[in-house]
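Please look over the sequence and the model shown here before reading on. The notes that accompany them are meant to be read with the structure open.

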Amino acid sequence: MLAASALLGSVSAAADQMKSWGKNIHWVSFREGQRIAREQKKPAMVVIHKSWCRACKALRPRFANSPEIEAMSNDFIMINVEDDDEPRGAEYKPDGAYIPRIIFLDTDGKVMKDVVNKGSMGYKYYYAETRPIVESMKQVLRLTAGRNPTFKAREL
């Protein structure tokens with residue numbers, strides 16, 4: 001009983017952490033997101049952050065309060081990973097393991113290395129503001145349009 005309670009508490013804490021990045025965004029775990037993206041042939045956004053990171057804490061309310069990100073999130077599988085949930089593979093750290101880091105996966109689950117924050121200096125997948133995130137989301141939707149005939153992304 002105690003173990004079940006502890007497990008449910010940690011699942012609840014993880015859900016609360018995800019919701020702090022946008023309560024109206026449907027967040028999923030990394031593994032679940034990979035599976036859903038492949039099944040639904042939708043691109044995925046992966047937000048990688050740490051609980052102790054000041055830059056992550058600064059980005060979180062901007063991200064959560066962005067009406068553009070919230071609206072466009074419906075066209076993506078939204079994956080939120082924090083602390084030890086960060087994927088281990090080198091492909092998820094294309095130019096380093098800094099945080100916060102936002103990467104996009106195509107409809108086959110592969111990292112889209114060319115979708116970067118064009119305004120960042122030296123860290124391609126670092127986003128401090130929402131405008132470049134929205135621009136990258138639009139780019140992903142343009143690049144993945146047509147890969148799933150049943151998926152209709154909004155006009156960009």
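The model, which is predicted, contains an open sheet of four strands arranged in the order β1-β3-β2-β4, with mixed pairing. The edge strands are β1 and β4, each of which pairs on one side only. Between β1 and β3 the pairing is parallel and is made over two bridges, with V28 standing opposite I79 in β3. The pairing of β2 with β3 is also in the parallel sense, here over six bridges, and I48 has V81 in β3 as its bridge partner.

Strand β2 is mostly covered, since six of its six residues are buried. In a regular strand the side chains alternate between the two faces of the sheet. In β2, A44, V46 and I48 point one way while M45, V47 and H49 point the other way, and all of them are buried.

## Helices on the sheet

Which strands do the buried residues of α2 pack against? They pack against β1 (27-28), β2 (44-49), β3 (77-82) and β4 (101-105), and the buried residues of this helix are F30, G33, Q34, I36 and A37. An α-helix has 3.6 residues a turn, so residues three or four places apart point the same way. Helix α3, which covers residues 54-64, likewise lies across β1, β2, β3 and β4, and it runs at about 145° to β2.

I36 counts as buried because its relative accessibility is 13%, below the 20% cut-off. Leaving aside residues up to four places away in sequence, I36 touches V28, K41 and I77. The C-alpha atoms of I36 and G109 are 9.6 Å apart in space, although the two residues are 73 apart in sequence.

Just after α2, K41 takes a positive phi of about 55°. The side chain of K41 meets that of D108 in a salt bridge, with an N to O distance of 3.0 Å. Because K41 lies in the loop between α2 and β2 and D108 lies in the loop between β4 and α5, the pair ties together parts that are 67 residues apart in sequence. Both partners are partly exposed, K41 with a relative accessible area of 31% and D108 with one of 39%.

## A buried charged network

A search of the whole structure finds six salt bridges, and two of the contacts described here involve E86. One joins E86 to K50, the closest N and O atoms being 2.8 Å apart; because E86 lies in the loop between β3 and β4 and K50 in the loop between β2 and α3, this pair ties together parts that are 36 residues apart in sequence. E86 and K50 are both buried.

The other joins E86 to R101, where the closest N and O atoms are 2.6 Å apart. As R101 is in strand β4, this pair ties together parts that are 15 residues apart in sequence. The relative accessible area is 9% for E86 and 0% for R101, so each counts as buried under the 20% cut-off. Through shared partners, the salt bridges join K50, E86 and R101 into one network.

## Cysteines and S120

How many disulfides does a search of the whole structure find? The search finds zero. Among the cysteines, C53 counts as buried at 6% relative accessibility, and C56 is buried as well, with a relative accessible area of 1%.

S120 is found in the loop between β4 and α5, the latter covering residues 130-144. S120 is buried, with a relative accessible area of 16%. A polar atom of the S120 side chain lies 3.1 Å from the backbone oxygen of N117, and the S120 side chain also reaches the backbone oxygen of Y123, at 2.6 Å.

Note on methods: Residues are numbered from 1 along each chain as its sequence is written. This is a predicted model: local features need pLDDT of at least 70, side-chain atom pairs count only at pLDDT 80 or more; totals for chains, interfaces and linings use all residues. Side-chain values use heavy atoms; hydrogens and water are left out. Buried means under 20% relative accessible area, exposed over 50%, partly exposed in between (1.4 Å probe, protein chains only). Contact means heavy atoms within 4.5 Å. A disulfide is a pair of cysteine sulfur atoms within 2.5 Å. A polar contact is a pair of N or O atoms within 3.5 Å; within protein, one must be able to donate a hydrogen and the other to accept it, and residues adjacent in sequence count only if both atoms are side-chain atoms. Two strands pair if DSSP finds at least two bridges between them. Axes are lines fitted to C-alpha atoms, for helices over the stretch in contact, and angles run from 0 to 180 degrees between N-to-C directions. A salt bridge is a side-chain nitrogen of Lys or Arg within 4 Å of a carboxyl oxygen of Asp or Glu.
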